[in-house]
Amino acid sequence: MGHLRPALAAVLCLAISACVGAPKRQPVRVAPPPATRPAPPAPIVVTPPPPANAVAAGVTSASFPPITLDNATRALTAFRATCPALLRRSDVSGLTQTADWRAACDAAATADPASFFAQNFAAIRVGDGAAKATGYFEPEIAGSRTQSPDYPVPVYARPGDIVTGPIQVCPDDPTTGPCQTKQRRGRYDETGAFVPYWDRGQIEDGALAGKGLEIAWAADPIDLFFLEVQGSGRLRLPDGSVMRIGYAGQNGHDYTGIGSLMKSRNLLGPGQTSMQGIVAYLRAHPDEGRAIMRENRSYVFFKELTGPGPLGALNVAVVGGISIAADPAFVPLGAPFWMDVDRPEADGLWIAQDTGGAIKGANRIDTFWGAGDEAKRIAGGMLARGTAVVLVPLSAAARLLTNAPARP
């Protein structure tokens with residue numbers, strides 16, 4: 001080593017780390033990763049349940065609305081037809097009792113339309129009185145009493161195995177609240193378990209085929225889908241005659257409005273959110289349209305109507321321009337209902353004679369417009385907002401408004 005040049009010796013010493021005086025290499029200390037805390041669980045936001053009925057939503061007095069003579073005359077005729085059902089039906093809204101209607105129904109038989117409503121009713125506001133109104137009509141579609149290649153779509157009667165029982169219903173977002181057991185329509189499966197009834201897709205795939213439930217056959221599935229939405233309609237048969245069909249029940253699944261789905265997915269442009277715009281899209285995109293319609297899992301069953309019709313929930317014929325569908329938990333079926341909305345054709349006095357799967361909540365109304373192209377045009381484009389009051393018999397108002405402050 002003594003003969004090596006000092007620089008080379010130094011290099012060797014570093015290489016073998018064995019020369020006297022060479023510094024010892026210190027161990028490298030690696031700092032441990034900082035302790036990570038588990039993310040706190042997402043808070044459970046419990047949405048309070050909506051009011052169960054009109055009384056729970058809050059009732060206050062309101063000024064009696066102006067009613068034209070023509071409007072009052074047509075409404076009185078519809079009210080008279082409704083009275084027999086009113087006098088035997090329980091009111092789940094909490095607003096009236098059956099006996100409250102006796103005086104008004106007795107007076108209706110010979111009343112002067114100009115004064116009848118003001119003399120026998122008081123106006124009340126349910127909740128904040130904010131109204132939303134859509135429209136429906138009696139559609140006419142091509143159909144047949146027998147199946148053929150031209151009429152391949154079954155129109156089903158209500159199946160006998162639909163029963164009501166307890167089903168656990170869970171929210172789509174579990175953070176919004178717990179599952180709840182509710183009474184829903186369903187069926188007993190082969191094991192004896194109570195399960196939800198077949199949904200739209202399963203029924204379209206043949207869940208009810210061959211059970212003798214077909215009362216007619218439609219030519220077009222889109223036409224039948226929208227006849228379901230309306231709840232009743234006419235089948236124009238091959239010989240030119242008409243078969244009228246009406247609502248006979250529903251499969252228990254919640255109604256989903258496909259127009260809202262399509263709008264949220266930007267499938268409909270400005271001005272295309274009417275029924276006419278929706279139908280145009282479904283026809284232009286048949287495969288996608290069929291899948292979209294299946295997202296409405298609700299399915300409606302029908303019965304043939306041989307008397308006057310179409311019939312509403314009170315088994316009374318509904319009248320275009322005067323009958324409405326309402327939620328019976330918030331409007332007593334048979335009650336007069338007055339609106340002032342941003343669609344003038346929907347302004348005025350109506351009679352609640354029907355219900356609908358999508359018509360839920362206070363002051364949520366579906367206006368009926370009759371049959372024909374004009375009815376289809378008005379109903380298909382109807383979306384009105386404004387204010388509303390319910391007219392209740394004077395005895396009911398006296399009971400409801402005791403110590404209740406009136407809103408201006």
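A: The chain has twelve helices and 17 strands; helices (H or I, at least four residues) and strands (E, at least two) are DSSP runs, numbered from the N terminus. This is a predicted model, in which local features need pLDDT of at least 70 and side-chain atom pairs count only at pLDDT 80 or more, while totals for chains, interfaces and linings use all residues. Residues are numbered from 1 along each chain as its sequence is written, and side-chain values use heavy atoms, with hydrogens and water left out.

Q: What percentage of the residues of the chain count as buried?

A: Buried means under 20% relative accessible area, exposed over 50%, and partly exposed in between (1.4 Å probe, protein chains only). Of the 408 residues of this chain, 44% count as buried.

Q: Which residues of helix 5 are buried, and why do they line one face of the helix?

A: An α-helix has 3.6 residues a turn, so residues three or four places apart point the same way. In helix 5 (residues 113-120), the buried residues are Pro-113, Phe-116, Phe-117 and Asn-120. Viewed down the axis of helix 5, they fall within an arc of 95° (taken from the directions from the helix axis to the C-beta atoms), so they line one face. The face turned away from that buried side carries the exposed residues Ala-114, Ala-118 and Gln-119.

Q: How many residues does the largest nonpolar core have?

A: In soluble globular proteins, nonpolar side chains tend to be buried together. A nonpolar core is a set of buried Ala, Val, Leu, Ile, Met, Phe, Trp, Tyr and Cys residues joined through side-chain atoms within 4.5 Å. The largest one here has 75 residues, and those with the most contacts inside it include Phe-79, Phe-116, Phe-117 and Met-339. Helix 3 (residues 69-86) gives the most to this core, with eight residues. Apart from it lies another core, of 13 residues, among them Ile-141, Leu-224, Leu-235 and Phe-302.

Q: With which residues is Phe-116 in contact, leaving aside its neighbours within four places in sequence?

A: Contact means heavy atoms within 4.5 Å. On that basis, and with those neighbours set aside, Phe-116 touches Leu-76, Phe-79, Ala-104, Ala-107, Ala-108, Ala-111 and Phe-121.

Q: Which cysteines form a disulfide, and why is the disulfide left-handed?

A: A disulfide is a pair of cysteine sulfur atoms within 2.5 Å. The structure holds one, formed by Cys-83 and Cys-105 with their sulfur atoms 2.1 Å apart. The torsion about the S-S bond of Cys-83 and Cys-105 is about -90°, so the disulfide is left-handed. This pair links distant parts of the chain, with Cys-83 in helix 3 and Cys-105 in helix 4 (residues 102-108), 22 residues apart. Both Cys-83 and Cys-105 are buried.

Q: How many aromatic pairs does a search of the whole structure find?

A: Rings of Phe, Tyr and Trp (its six-membered ring) pair if their centres lie within 6.5 Å; planes under 30 degrees apart count as stacked, over 60 as edge-to-face and the rest as tilted. The search finds 13 such pairs. Tyr-299 and Phe-301 form a tilted pair, 5.5 Å centre to centre with 55° between the planes. Trp-350 and Trp-369 form an edge-to-face pair, 5.5 Å centre to centre with 80° between the planes. Phe-79, Trp-101, Phe-116, Phe-117 and Phe-121 form one aromatic cluster.
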